[in-house]
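Let us read a protein model together, going from the whole chain to a single residue.

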Amino acid sequence: MKVISVVGARPQFVKLAPVAEAFRASGHEHRIVHTGQHYDADLSDVFFADLRIPAPDVHLGIGSGGHGAQTGAMLAALDDVLTEGPRPDWVLVYGDTNSTLAAALSAVKLHLPLAHLEAGLRSYNRVMPEEHNRVLTDHAADLLLAPTDLAVRNLAGEGLAGRTLLVGDVMTDILLRVRDAVADKPLQLPADAGDLRGVSEESGYLLATVHRAENTDDPKRLRGIVEALAALPLPVLLLAHPRLRAKADAAGIDLTAGSLRVARPLPYPEMVRAVLGSRGVVTDSGGLQKEVFLLRRPCTTLRTETEWPETLQGGWNTLCADPADLVGAVLRDGPTPVTGHPYGDGHAAEKVVAALAERA
Ligand code: UD1
């Protein structure tokens with residue numbers, strides 16, 4: 001079997017890691033195409049190095065741009081890449097970014113079998129670019145590899161049950177492995193971060209990330225969020241995505257005010273360790289909400305809805321759309337124990353490879 005994985009953005013590299021490992025163990029041919037959507041070393045190279053992902057076979061070098069220009073440039077470039085050499089048995093796409101949608105469109109137009117990993121997630125928020133990408137990709141794909149029971153039900157509700165398979169969540173595979181590797185290591189903060197006063201496990205700190213278009217593109221909304229983070233009663237280690245820096249700079253918003261201690265995004269193992277060392281996390285990231293839940297730290301999500309509602313059980317995650325409510329949400333009563341494994345058993349990637357091989 002020959003499979004081409006198309007990835008481009010940070011969360012996709014995390015998902016690719018266990019899948020690439022499972023392909024390596026299986027002996028099937030696996031090629032990796034990187035669209036170049038994320039190109040900063042912090043967002044791309046360190047993930048390949050730390051998570052031991054083979055270097056991409058092809059790098060399209062597309063970079064940033066508006067949704068149309070970025071997705072269109074990828075689509076144009078992918079046609080040649082996907083038709084080069086022997087025909088693939090599957091084109092495998094991941095998650096919900098513009099890279100996902102471009103590769104999905106390219107594959108269906110070329111009549112290549114398309115599999116979507118992390119299929120069936122829904123926010124039902126039609127202004128999110130990720131929601132367009134995931135819905136369109138699910139409806140284009142031949143095989144929908146769903147991470148959760150809820151994702152399976154969502155797909156059934158859209159008439160896609162016949163193409164759906166529950167495999168579990170590949171992010172659980174990599175997270176559990178990395179958690180075990182870093183649990184006994186000391187906290188490692190970015191050396192070049194500047195003022196990290198008070199960010200220590202002994203005195204307690206919160207970890208924060210903000211990058212979504214809905215939270216960063218409107219300066220008023222962004223200012224409200226940053227001011228609410230700055231007013232929290234513990235130091236807040238803000239791991240700033242380049243998009244956040246760019247939008248804050250443009251709007252004249254200070255990312256170092258009050259409790260804020262700003263740093264660059266961390267490599268994956270250091271990020272997992274920083275979550276473990278924290279008193280809790282404030283984020284608008286989908287993947288991080290789930291990682292924090294699996295690491296059993298309290299999470300506060302700066303959104304009106306979540307694609308991962310399983311994280312809300314026991315109060316481990318809570319939605320906080322209004323920055324005015326942030327202090328109360330972060331200082332809420334401690335979560336209660338939960339049972340069950342809504343995100344799988346840590347062996348999803350092997351099931352992905354087996355599912356593709358059975359249908360090749
Ligand atoms: C993308 C995904 C989002 C995912 C996120 C993870 C889409 C629509 N969104 O959002 O679902 O959660 O990745 O990080 O695909 N930039 C850099 N260096 C980089 C990449 C981006 O400086 O390596 C800056 C540029 O100013 C760029 C902006 O960040 O314009 C946004 O990047 P883009 O890839 O369009 O979307 P993300 O916000 O990263």
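Q: What should I keep in mind about the model and its numbering?
A: This is a predicted model, in which local features need pLDDT of at least 70 and side-chain atom pairs count only at pLDDT 80 or more, whereas totals for chains, interfaces and linings use all residues. Residues are numbered from 1 along each chain as its sequence is written, and side-chain values use heavy atoms, with hydrogens and water left out.

Q: How many helices and strands does the chain have?
A: Helices (H or I, at least four residues) and strands (E, at least two) are DSSP runs, numbered from the N terminus; here the chain has 14 helices and 13 strands.

Q: Why does the radius of gyration agree with a compact globule?
A: The radius is taken over C-alpha atoms, and the globule rule is 2.2 Å times the number of residues to the power 0.38. For 360 residues the rule gives a value near 21 Å, and the chain has 20 Å, so the two agree. The C-alpha trace spans about 55 × 45 × 40 Å along its principal axes.

Q: What share of the residues is buried?
A: Buried means under 20% relative accessible area, exposed over 50%, and partly exposed in between, with a 1.4 Å probe and protein chains only; buried residues make up 55% of the 360 in the chain.

Q: Where is Gly 334, and is this residue buried or exposed?
A: Gly 334 sits in the loop between helix H13 (326-330) and helix H14 (348-358), and its relative accessible area of 55% makes it exposed. Gly 315, 19 residues apart from Gly 334 in sequence, is 7.6 Å apart from it in space, C-alpha to C-alpha.
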